[in-house]
2 protein chains.
Amino acid sequence: MRVSAARNDEGRDGETVHGSVYTRHARHVTLKDVAELAGVSVSTVSLVMNDKKDARIAVKTQERVHRAIHELQYRPNALAQNLVTGSSKFIGLVTDSIATTPFAGQIIHGAQDRAWKQGYVLLIVNTEGNESIERQAIRMFLEYKVHGILYSTWYHHEITLPESLKDMNTVLVNCYADDENLTSVVPDEFNGGRTAANMLLGQGHRRVAFVNTTVESPARAGRLAGYRHALSERGIEEDPSLIFAAEPTQEGGRTVAESICASGATGVCCHNDRVAMGLYDALRNRGISVPSDISVVGFDDQEVIAAHMLPPLSTVALPHYELGASGVDAVLSRPVNTGDHRILISCPAVYRASVAMQGNAR
Amino acid sequence: MRVSAARNDEGRDGETVHGSVYTRHARHVTLKDVAELAGVSVSTVSLVMNDKKDARIAVKTQERVHRAIHELQYRPNALAQNLVTGSSKFIGLVTDSIATTPFAGQIIHGAQDRAWKQGYVLLIVNTEGNESIERQAIRMFLEYKVHGILYSTWYHHEITLPESLKDMNTVLVNCYADDENLTSVVPDEFNGGRTAANMLLGQGHRRVAFVNTTVESPARAGRLAGYRHALSERGIEEDPSLIFAAEPTQEGGRTVAESICASGATGVCCHNDRVAMGLYDALRNRGISVPSDISVVGFDDQEVIAAHMLPPLSTVALPHYELGASGVDAVLSRPVNTGDHRILISCPAVYRASVAMQGNAR
């Protein structure tokens with residue numbers, strides 16, 4: 001913490017300044033202190049500090065200002081800097097509930113890391129889907145002159161962009177809108193579904209069940225299309241009796257277990273890790289072993305679950321960290337309108353122990 | 001978004017202002033516009049807007065300024081406001097990894113909700129334990145004149161406070177330091193352990209096992225003390241052979257299962273829900289039913305796990321939301337030094353289906 005020992009004429013040293021962060025002996029060196037020591041006006045100091053070439057300030061004056069800055073150990077006030085430059089080092093992140101949704105918190109992690117590396121700080125507002133909070137958040141971001149805004153949702157779906165964001169440097173993360181001018185960064189669901197299917201097909205499985213979610217979403221349509229594509233790539237005809245629908249929870253996985261067992265599938269692609277966890281429970285209660293009796297693949301690579309199941313779950317990762325990081329890249333680079341603003345982030349395979357070669361499956 | 005239609009003499013309307021959030025037709029009304037319309041100086045407008053009573057500005061002048069503000073639909077610039085008032089509406093949140101740790105994200109949720117209600121915005125920096133990032137974050141918070149700082153960790157433990165935070169309005173959340181001047185908001189581990197034990201003792205169990213963590217922490221010491229206290233409150237002598245230690249993961253729960261079965265316990269308090277999940281797996285593999293053969297209580301009430309296990313897990317909730325909310329309260333109220341700065345947040349019982357009356361247990 002920078003403390004001025006040079007001057008004490010304002011009587012603030014050692015005092016508690018109410019409503020401020022400085023509780024003991026803080027007194028910041030101000031622009032005025034620098035100006036006085038350098039014998040110039042405050043605005044001259046400001047011009048020198050902001051390196052305004054066209055201001056034509058004598059080199060000697062500039063040197064005097066820099067000396068005073070050094071002598072007083074003056075640290076520019078970020079808020080003042082923002083006022084001068086007309087923009088800030090803030091990026092706003094509006095989320096519906098990702099700050100509080102277990103696995104999607106990695107979107108924040110990725111956005112934060114990337115922003116920080118570029119010298120930006122994230123301002124995060126979690127709206128819990130409340131439109132009034134959302135409006136206030138966006139107004140606040142405007143007031144703080146954010147460089148741009150990431151608008152993110154905890155699961156991948158179409159949204160209606162708030163009116164107030166339409167004129168701004170906005171990037172959608174994990175969601176998209178019917179607006180060709182908007183860049184969205186979303187998971188590549190199609191290739192994710194294809195990857196999941198290939199984790200089983202690649203081990204010799206031919207009867208691969210697919211447990212889809214009952215929730216309408218790009219994940220539901222995209223992953224199924226990817227699964228179908230993987231089958232057709234290997235010349236396997238799709239068997240509609242191997243396609244199931246279930247709630248995307250452990251309960252959903254348990255509900256669908258009996259039908260899967262009856263279908264003669266040797267491997268199952270689950271909509272997510274939670275469905276796989278419920279399926280594990282139900283299979284174990286029936287005395288059916290994973291993977292020796294049936295192979296299981298999840299989706300999400302959800303922390304605290306996937307790696308710790310018995311056996312550890314082979315799955316496909318949702319690239320939340322990358323979604324956040326790429327969202328920041330897009331906000332900072334402001335890509336030119338190319339007519340295609342969907343940036344797809346791939347969903348990689350995570351190999352663990354829940355898939356056996358088909359020779360070992362029943 | 002506020003757009004000035006009245007003036008276009010700076011040639012910025014309709015342009016893309018590079019590096020700014022305004023990409024289409026934005027031009028903000030400035031303090032200078034207000035001053036010109038009101039026929040006063042910029043500093044007079046500023047004084048009126050900040051309601052400086054001692055500035056003695058004629059009522060008529062004040063009215064003129066307010067009329068101009070209304071006419072131009074001027075919206076105060078938050079950054080400028082902060083400069084004038086010497087403090088900001090920011091609260092800084094430094095976390096090691098709670099933004100990205102599944103369940104502790106609720107700390108952010110609680111802090112955010114509470115801050116927002118008080119008109120404050122959280123600036124969040126996630127350091128992942130990196131001291132360099134931590135130093136930069138704290139410097140940045142200083143530059144942005146945050147009102148105060150929450151320093152939070154993803155699990156409850158003792159920390160060494162960074163030197164630069166010692167002079168600031170800092171509140172520790174989910175952690176504590178050896179400094180009597182610091183307020184910490186932490187979970188009440190002792191009563192949490194007592195609650196867990198009572199969930200079994202209250203159902204007639206007398207042989208209650210306690211699976212502690214191998215990780216040194218207030219949770220380890222506090223919950224065990226609470227368990228012991230609950231036993232002694234009911235006149236039950238402690239049996240050291242019922243105290244186990246395990247890694248605080250599913251793997252830990254599976255490892256300890258055999259010893260628990262051999263101990264003759266009719267109920268088990270697990271260090272956390274993940275241990276309970278592993279124990280479930282191992283018990284099921286042995287043909288032992290929860291809760292008819294043995295009752296199980298978790299800790300954490302971890303989302304996506306506890307409520308969705310088979311059977312749903314009775315547990316004790318870690319009050320992350322309340323920790324965050326109370327942390328903001330403490331930062332805003334700056335409680336007087338009372339000599340005791342530990343604010344304990346209680347851990348409530350969550351009743352589900354993994355505890356049976358002891359008459360039904362083996």
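Where is the place of B:P311 in chain B? I looked this up in a predicted model, in which local features need pLDDT of at least 70, side-chain atom pairs count only at pLDDT 80 or more, and totals for chains, interfaces and linings use all residues. Residues are numbered from 1 along each chain as its sequence is written, chains are lettered from A and ligands numbered from 1 in the order in which they are written, and side-chain values use heavy atoms, with hydrogens and water left out.

**Cis peptide bonds**

I found B:P311 in the loop between β9 (295-297) and β10 (315-316) of chain B, where helices (H or I, at least four residues) and strands (E, at least two) are DSSP runs numbered from the N terminus. The peptide bond that leads from B:L310 into B:P311 is cis, with omega near 0 degrees. In chain A I noted a cis bond from A:V290 to A:P291, again with omega near 0 degrees, and A:P291 lies in the loop between α10 (273-285) and β9 (295-297).

**Positive phi in chain A**

I then turned to the loop between β9 and β10 (315-316) of chain A, which holds A:D301. A:D301 is not a glycine, yet its phi is positive, at about 55 degrees. A:V304, which sits in the loop between β9 and β10 of chain A, is likewise not a glycine and has a positive phi of about 60 degrees. For accessibility I used relative accessible area, with buried under 20%, exposed over 50% and partly exposed in between (1.4 Å probe, protein chains only). A:D301 counts as partly exposed because its relative accessibility is 26%, whereas A:V304 is buried because its relative accessible area is 11%.

**Helices α1 and α3 of chain B**

I took axes as lines fitted to C-alpha atoms, for helices over the stretch in contact, with angles running from 0 to 180 degrees between N-to-C directions. Helix α1 (residues 31-38) and helix α3 (residues 59-72) of chain B have axes 9 Å apart and pack at an angle of about 125 degrees. The pair α1(B) and α3(B) is therefore oblique, given that angles under 35 degrees count as roughly parallel, over 145 as roughly antiparallel, 65 to 115 as roughly perpendicular and the rest as oblique. Taking contact as heavy atoms within 4.5 Å, I found that B:D33, B:V34, B:L37 and B:A38 of α1(B) meet B:R64, B:V65, B:A68, B:I69, B:E71 and B:L72 of α3(B).

**Helices α9 and α10 of chain A**

What is the angle at which the axes of α9(A) and α10(A) cross? I recorded roughly 55 degrees for helix α9 (residues 250-263) and α10(A), whose axes come within 7 Å, and the two helices are therefore oblique to each other.

For helix α7 (residues 189-201) of chain A, the 13 residues should span 18 Å at 1.5 Å a residue, and the end C-alpha atoms are 18 Å apart, which agrees; the expected span is 1.5 Å times one less than the number of residues. Among the buried residues of α7(A) I listed A:G192, A:G193, A:A196 and A:A197.

Lastly, A:E36 is found in helix α1 (residues 31-38) of chain A and counts as partly exposed, at 48% relative accessibility. The C-alpha atoms of A:E36 and A:A68 are separated by 8.8 Å, although the two are 32 residues apart along the chain.
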